[in-house]
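Student: Hi! Could you walk me through this one?
Tutor: Happy to. Let's get it on screen and then talk.

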Amino acid sequence: MGRKSRPRLRLPRVRLPRTRRAQRRTFQAVTLLSVLALAPSGWLWLSEEGRVGTVQSAPSAPVAVVFGAGLFDGEPSPYLAHRLDAALALYQDRKVEAILVTGDNSRNSYNEPDAMRRYLVGHGVPDIRVVEDYAGFDTWDSCTRARRIFGVDRAVLVSQGFHVRRALALCRAAGIESYAVGVPEPADATWYYGGLREIPGAGKAALNAWLRPDPQFLGARETGIARALADAGGH
């Protein structure tokens, strides 16, 4: 018996508009969708531009908030280490008195806040001045928990330049008077990937700033920041 021939997979044809009217409508639809997709990013850049700077230009504030950025074998990724270095510089320059490290600890094998604390304490920050938020699963959760759980009302936010405007908008929506340090990075693949993620992230940020939902975990008030600032006042 002869071998049975396999049916060929036929992909559906994509029919492009042929008339000028149809082409014009297609172009208008694509343009409108592009504008809608990029509008939240434009809102972030325009509304937060004057509040982003460097460690040197940052004003004094009680707290620096450092957002998680991944671990490699349990240690801070290069991007996260650069954020922590900026927070360390703020502390050493006496521009902040406490550092809130906020990140993901949704499973036992992954603990961003503990790794961030170890890094800062290992570089000379007193243990009491580093406060951990284990439920900073995204930027909005980190911001609203900083205000509602830890009582932060004024802070310097630390992240890479492509992310800080979103962090600023969300922390301000959460009720925190904020300034941001944009940590510089070379324009490598990670940087471009982070920038692309900000396009949908900006849309989500606009919704969070408008709706102001509860974080994934709320919980009871924490006293870590209050104790850190009290310790700072006693020195």
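**Chat about the sheet and its surroundings**

Tutor: The model has six strands in an open sheet, ordered β1-β8-β7-β2-β5-β6, with parallel pairing. Keep in mind that this is a predicted model.

Student: Which strands are at the edges?
Tutor: β1 (52–53) and β6 (130–133) are the edge strands, and each of them pairs on one side only.

Student: And what packs on the sheet?
Tutor: Helix α7, residues 224–233, packs there and touches β2 (63–67), β5 (98–102) and β6. The direction of α7 makes about 155 degrees with that of β5.

Student: OK, let's look at β7. How many bridges join β7 to β8?
Tutor: Seven bridges link β7 (residues 154–160) to β8 (residues 177–183), and the two strands run parallel.

Student: Which residue in β8 is the bridge partner of leucine 157?
Tutor: Alanine 180 is the partner of leucine 157. Likewise, serine 159 has glycine 182 as its bridge partner in β8.

Student: How many bridges join β2 to β7?
Tutor: Four bridges join that pair, and β2 and β7 also run parallel. In one of the pairings, valine 66 has valine 158 of β7 as its bridge partner.

Student: Is β7 largely enclosed or open, and why?
Tutor: Six of the seven residues in β7 are buried, so the strand is largely enclosed by the rest of the structure.

Student: Switching to the surface: which residues form a nonpolar patch?
Tutor: Leu207, Trp210 and Leu211 form a nonpolar patch on the surface, and together they have about 390 Å² of accessible area.

Student: Where is tryptophan 210?
Tutor: Tryptophan 210 sits in helix α6, which covers residues 189–211.

Student: Does that tryptophan count as buried or exposed, and why?
Tutor: Tryptophan 210 counts as exposed because its relative accessibility is 66%, and the cut-off for exposed is over 50%.

Student: Now backbone angles. What is phi of arginine 94?
Tutor: Phi of arginine 94 is near 60 degrees, which is a positive value in a residue other than glycine.

Student: Where does arginine 94 lie, then?
Tutor: Arginine 94 is in the loop between α2 (78–92) and β5. Arginine 94 is also exposed, at a relative accessible area of 74%.

Student: And what about phi of arginine 212?
Tutor: Arginine 212 is not a glycine either, yet its phi is positive, at about 50 degrees. You'll find arginine 212 in the loop between α6 and α7.

Methods
Residues are numbered from 1 along each chain as its sequence is written. This is a predicted model: local features need pLDDT of at least 70, side-chain atom pairs count only at pLDDT 80 or more; totals for chains, interfaces and linings use all residues. Side-chain values use heavy atoms; hydrogens and water are left out. Two strands pair if DSSP finds at least two bridges between them. Contact means heavy atoms within 4.5 Å. Axes are lines fitted to C-alpha atoms, for helices over the stretch in contact, and angles run from 0 to 180 degrees between N-to-C directions. Patches are made of residues with over 30% relative accessible area and no salt bridge: like charges are joined within 9 Å, nonpolar side chains (Val, Leu, Ile, Met, Phe, Trp, Tyr) within 5 Å. Accessible areas come from the Shrake-Rupley method with a 1.4 Å probe; for residues, only the protein chains shown count as cover. A salt bridge is a side-chain nitrogen of Lys or Arg within 4 Å of a carboxyl oxygen of Asp or Glu. Buried means under 20% relative accessible area, exposed over 50%, partly exposed in between (1.4 Å probe, protein chains only).
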